[in-house]
Amino acid sequence: MSFTLTQIFVLGVGYLSILFACAWIVERGWLPQRLVRHPLVYVLALGMYASAWAFYGSFGMAERYGYGYLTYYLGISAAFVLTPVLLTPLLRLTRTYQLSSLADLFAFRFRSRWVGMLVTLGLLAGTMPLLALQIQAIGDVIHLLTNESSPYHLAFVFCAVISLFATLFGARHISLRERHESLLVAIAFESLVKLVAFLALGAVTLWLVFDGFDGLENWLITHGDSLAAAVQPLEDNQWRTLLLLFFATAVSMPHIFHIIFTENPSETALRQASWMLPIFLLLLALPVPVIYWGHQALGSSLPIEYASLSLGGYWTLLSFIAGLAAASGTIIVITLALAPMVLNHLVLAVYQPPAHFDIYYWLIWMRRLLIASLIFIGYLVYLVVSAHHDLATLGLSAFIATLQFLPGILALLYWPTANRKGLLAGLTAGFGVWAIGLGFPLMLDIHQLALPGGGLLELRGIDDWFQVTILAITSNILIFIVISLVTDASEEEKAGALACSQDALLQPKRLQLKARTCEDFTRFLSIPLGQETAQREVTRALNELGLHPADARPYSMRRLRDQIQANLSGLMGPAVAQELTDRYLPWKTKSADSEDDIHYVERHLEEYRTRLTGMARELDKLRRHHRQTLLHLPVGICTLGRDQEVLMWNRAMEKLTGISGDQVIGSRIRHLPEPWNNLLDEFLQNPNRQAYRQPLEQQNKTRWLTLHKARLDDPVAVMGGTVLLVEDQSEVKELEDKLLHNERLASIGRLAAGVAHEIGNPVTGISSLAQNLRYDAEEPDAVRETSTQILQLTNRITAIVHSLVSFAHAGRHSDSLRFEQVKLHDAFQEAINLISLSNRGRNRQYTNNCPEQLVMQGDGQRLIQVFVNLIGNARDATQDGGQILCCGYQENHHLVLEVHDDGCGIPAEHLQHLFEPFYTTKQAGEGTGLGLALVYSIVEEHHGQIQAISPSPISGKGSCFRCRFPITANAPEYQEQ
Amino acid sequence: MYFYRLVLVLVTIGYFFSPWFLLPWGSSNWYQPFLMWLALIGGTLWLEQKRRLEQLE
């Protein structure tokens with residue numbers, strides 16, 4: 001079975017070249033994207049979990065713990081079963097906040113650079129044995145295949161090639177969150193190679209050594225199930241502990257974390273992996289007992305870890321290739337995962353490149369340098385440790401170390417009150433126990449530790465793995481819980497806890513940034529990053545958010561800041577990103593009464609919708625229902641926060657204004673486009689809760705809007721502010737004006753007979769006087785007298801015609817109200833005169849008791865219309881000789897105008913319907929039913945109220961119509977028109 | 001999500017009782033753990049289908 005070093009070198013480098021080619025093909029785009037992004041590629045890449053430890057170390061585990069080797073596969077399978085509650089929330093967190101590693105995640109949640117550093121150091125210490133194990137496996141196999149006593153040089157060459165591959169294909173993107181598709185495909189290819197090779201080796205062993213399943217059964221009957229009768233069969237608790245160890249690897253091992261979360265193409269792929277990865281692992285675990293028994297049946301002298309080499313011949317080379325695939329894949333991904341962590345949490349913590357550096361260039365080359373360095377350190381650890389320990393021991397030690405992160409990860413998701421003091425203390429305790437129990441004996445070869453009392457603590461290394469694991473994890477958990485309970489978390493930590501919590505939504509405050517525009521962002525960020533980098537980061541964030549560079553809404557600025565922080569986190573880790581944004585993009589104030597950012601809450605509620613349960617789900621349904629109701633109400637609704645930031649802009653508002661919600665939500669009311677900003681801002685400043693029929697000039701057209709507002713400051717309201725309702729009454733106004741004009745014309749029609757009579761009398765008089773003139777021609781005095789009478793009569797005619805014409809034309813002023821000082825006595829008198837023109841109006845006694853000094857702001861012609869209608873009704877209700885009294889007086893801050901009559905009165909059942917359009921008690925043809933409706937409309941236009949009282953309080957019979965007008969009406973606004 | 005809590009409980013129970021599931025080892029049924037494993041995968045697949053239906057509702 002001996003091969004030369006050259007043969008092995010050519011084979012190994014040949015295989016790694018295929019790996020290069022594979023990645024290169026993807027880079028060139030020769031492989032369809034459909035294939036590259038297929039979930040199966042992701043699952044196969046996850047198969048990288050089965051490292052050299054699985055390929056070789058599993059036999060050592062089987063030898064030592066029998067079926068206990070299965071825990072390696074079952075543990076992580078259990079973690080994938082729990083994808084919805086464990087992996088998916090973590091995936092969403094890492095995506096949302098651009099977190100690329102476990103250290104990033106911890107630093108983000110606990111808002112501490114120290115946490116990031118400790119986690120990075122812990123992961124370095126924990127995974128170095130695993131890295132060394134991979135190299136050791138390659139070195140040992142080379143040694144076994146070539147009988148070369150010093151396989152270190154060839155192992156180094158393989159490390160160098162792997163390092164070249166990792167730097168070329170694993171550090172191509174500047175953002176850590178960008179996927180390396182070429183690398184992923186290459187890793188998937190490696191998983192496929194080792195799966196096929198392992199299955200082939202198992203099948204060959206079964207058929208060549210045992211002659212099929214029956215042979216195997218017979219052999220097992222003869223020799224007993226050696227797996228069940230292992231030297232040190234696992235106790236139940238040991239089994240459970242191993243299961244827990246490998247369960248934790250899914251989230252605590254940096255390379256698994258990297259593939260699951262950083263290289264993840266979609267949530268769907270992760271969900272499919274929840275059952276596909278266990279199948280992959282099952283297929284990998286299945287040949288282990290067969291090959292193990294084959295090794296025993298053949299009586300091979302090879303170490304049990306390398307049982308797969310027992311078949312001899314070219315099958316050995318297949319085993320070597322599969323082992324190389326397993327080891328190289330793990331080395332590549334471990335270093336790719338560790339390098340950014342070391343860069344973000346150790347290097348950048350002590351040194352940040354100056355602004356004039358090209359930061360992208362610097363970061364990418366630092367990452368490449370770290371990848372190569374880590375592989376080299378792994379090689380050094382291999383040189384130091386490999387002589388003393390087998391693969392299973394090194395692997396177990398690494399898994400026990402990284403188990404210490406499991407409590408922190410679970411707390412991160414499900415325990416918001418956990419704090420960094422507890423985490424740091426817990427991790428220190430856990431790692432302390434691990435270092436004393438396993439790290440010192442394995443890595444530093446220390447087997448005795450002096451105790452304070454003078455005694456010595458015997459360290460037995462891996463023989464104590466169970467006790468060390470239990471002690472480390474228990475002390476870690478207990479200290480973490482106790483310290484978290486007795487100490488307080490900082491405000492920043494609480495924000496981090498909210499961001500990570502699965503049961504609560506992050507509720508950031510709606511604060512204002514010092515940077516008001518995108519230019520400000522670039523200017524401020526150019527201090528630490530340089531002009532070019534700052535510009536690039538701002539543009540990138542704007543593009544990702546779909547925002548326009550001119551957008552200066554406070555809401556947009558807050559989103560831009562968050563996006564920039566997330567992107568910087570993807571570049572340099574969350575700790576540095578947070579430090580940069582806090583320092584160079586600070587908030588103006590952080591007052592305690594700042595309001596929650598409702599947009600953020602809503603956006604996240606939408607994202608969480610499918611994950612809400614129970615009462616929360618029902619409440620969310622209710623919320624959505626109410627929101628939909630508001631959005632689709634046919635009245636314009638705009639809600640504002642206390643700081644006058646627009647929180648809602650419904651569909652009707654969009655239609656009314658022509659401005660979409662996306663454009664204005666999050667902006668201040670004064671930043672709305674013209675003319676809406678002035679209209680709404682002035683209304684907000686106005687103490688009145690309603691502004692009736694406000695004119696708005698838009699596109700050479702006048703719109704009539706009625707505005708209402710209500711404060712949301714009652715104690716029940718969680719978020720205060722104002723709600724504005726905007727009604728478009730342009731059409732109603734137009735109809736009303738038409739109606740008013742028609743009513744006037746109808747009134748003129750009704751007055752026509754009286755007018756004819758009134759004009760007929762002076763015309764008869766003029767005719768008589770003209771005849772007299774013929775006879776009085778020679779008497780100048782008589783002529784003068786007659787001329788004077790003629791002039792008086794024509795003046796009378798002119799006055800009648802003028803009243804009639806001005807009344808008829810008043811309704812044509814349909815576009816505006818003409819507010820002026822109106823003398824109410826004169827207005828009453830004008831109305832009485834008009835009514836007196838009619839035939840039926842003559843035999844009534846009209847009394848105008850309105851004081852002459854009583855004036856009000858109003859449209860004179862419309863007020864005369866009111867009085868004409870009221871006096872006309874009074875006339876119709878009274879008999880010949882009836883009394884009609886008009887009076888007015890001031891009462892507190894109101895003017896009260898009354899029209900009394902002593903007529904037949906109004907039955908109580910009619911009183912409440914009097915002001916409804918087309919409601920009339922008159923005979924058909926006598927009234928339209930619109931008179932009082934118009935009176936009501938005009939009084940309301942003057943911010944007044946009208947009331948019908950029957951019987952009249954003065955005469956004790958008939959009826960009384962009382963109008964009340966506020967003395968302080970909105971006169972100045974109307975006067976402008 | 002109620003469903004996931006149930007799964008969480010089942011996995012926890014499975015974790016504590018897993019050594020007993022593997023008890024009846026014998027030379028004639030060495031593949032028994034793998035059958036149980038297959039059952040676990042089947043359960044996960046069913047869970048995934050169920051989850052998808054639940055989210056579609």
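A:His943 counts as partly exposed, with 18 C-beta neighbours inside 10 Å, where a residue is buried with 20 or more other C-beta atoms within 10 Å of its own, exposed with 12 or fewer, and partly exposed in between, the C-beta atoms being placed from the backbone. This is a predicted model, in which local features need pLDDT of at least 70 and side-chain atom pairs count only at pLDDT 80 or more, while totals for chains, interfaces and linings use all residues. Residues are numbered from 1 along each chain as its sequence is written, and chains are lettered from A and ligands numbered from 1 in the order in which they are written.

Although A:His943 is not a glycine, its phi is positive, at about 60°. A:Asp211, likewise not a glycine, has a positive phi near 60°, and A:Asp211 is exposed, with 12 other C-beta atoms within 10 Å. Most residues other than glycine have a negative phi, and most peptide bonds are trans. The bond from A:Glu674 to A:Pro675, however, is cis, with omega near -10°.

A:Pro675 lies in the loop between helix H30 (661–664) and H31 of chain A; helices (H or I, at least four residues) and strands (E, at least two) are DSSP runs, numbered from the N terminus. In H31 (residues 676–685) of chain A, the buried residues are A:Trp676, A:Leu679, A:Leu680 and A:Phe683. Because they cover an arc of only 85° around the axis, they lie on the same side of H31(A), the arc being that of the directions from the helix axis to the C-beta atoms. On the other side of H31(A), A:Asn678 and A:Gln685 are exposed.
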